[in-house]
Amino acid sequence: QFEGMTLGARLIDAQGLYNINNLASASNQLHFLNLLRYVMPKMSSAQARNITQHITNWLAPGNADDQLYARLSPPYRAAHRPMADISELRQVAGITQAIFAALKTSNVALPTQQNQTTEVNINTAPPAVLLTLSPQLDIEKARSLYQCLRGHGVFFSIADYNKTCVALLSITQLSVITVNSSYFLIRSVASTATQQVFLSSLLGIQEDNTTQRRKAYVIWQLPG
């Protein structure tokens with residue numbers, strides 16, 4: 001409670017989600033397809049591939065799909081750059097309200113370097129996101145990895161995770177994983193008897209070379 005308002009906030013480990021900006025590289029399409037089929041099990045393979053390609057075209061440099069969006073009313077163009085927020089996904093061809101609702105809980109838009117894939121924190125990733133880590137994973141194995149974590153508790157090293165959970169499923173070592181996150185989302189709300197105001201913030205964590213301690217900084221803040 002603060003000056004007649006009720007303040008609340010929820011902290012989300014953004015690296016426990018899948019970075020949609022990874023799809024700027026077509027090599028990551030197969031990973032995302034696994035996630036898409038998990039959250040939309042009734043979607044056909046052809047529709048899933050088309051949506052995934054449209055997302056890549058939206059993110060990648062060039063002019064792919066520009067004519068498609070130019071025919072809409074009102075017309076617009078694909079951004080051809082990384083998304084700043086996952087809400088931008090609603091502008092991509094093929095993304096319906098139902099598909100966006102299914103994806104927004106397991107996806108996020110994070111800063112990314114060219115040709116680099118954002119690491120997934122295995123301590124906070126749900127089964128849908130774990131599916132993006134290896135073509136050897138199916139839904140049952142992803143759920144087994146998730147249950148292994150819940151039974152073990154937090155892992156502090158990748159080697160321990162691979163030995164304890166991954167090796168038991170006869171999966172080769174997973175790539176692009178971490179046990180420490182550098183990005184966090186904060187969903188905040190201020191409420192009165194007649195009004196609510198929402199604020200979303202993306203925080204980055206970096207090492208301070210002077211103090212050798214990790215500190216947070218604000219990357220962006222958006223209403224809603």
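Reply: Let's take α7: its buried residues pack against α5, α6 and β5 (177-178), where contact means heavy atoms within 4.5 Å. Helices (H or I, at least four residues) and strands (E, at least two) are DSSP runs, numbered from the N terminus. Bear in mind that this is a predicted model: local features need pLDDT of at least 70, side-chain atom pairs count only at pLDDT 80 or more, and totals for chains, interfaces and linings use all residues. Residues are numbered from 1 along each chain as its sequence is written, and side-chain values use heavy atoms, leaving out hydrogens and water.

The buried residues in α7 are Tyr 161, Asn 162, Cys 165 and Val 166; buried is under 20% relative accessible area, exposed over 50%, partly exposed in between (1.4 Å probe, protein chains only). They sit on the same side of α7 because they cover an arc of only 105° around the axis, taken from the directions from the helix axis to the C-beta atoms. Over on the other side of α7, Ala 159 and Lys 163 are exposed.

Now for the cysteine. Cys 165 is joined to Cys 148 by a disulfide, S to S 2.0 Å; the rule is a pair of cysteine sulfur atoms within 2.5 Å, and it gives a count of one. The pair links distant parts of the chain, with Cys 148 in helix α6 and Cys 165 in helix α7, 17 residues apart. Both Cys 148 and Cys 165 are buried. The torsion about their S-S bond is about -80°, so the disulfide is left-handed.
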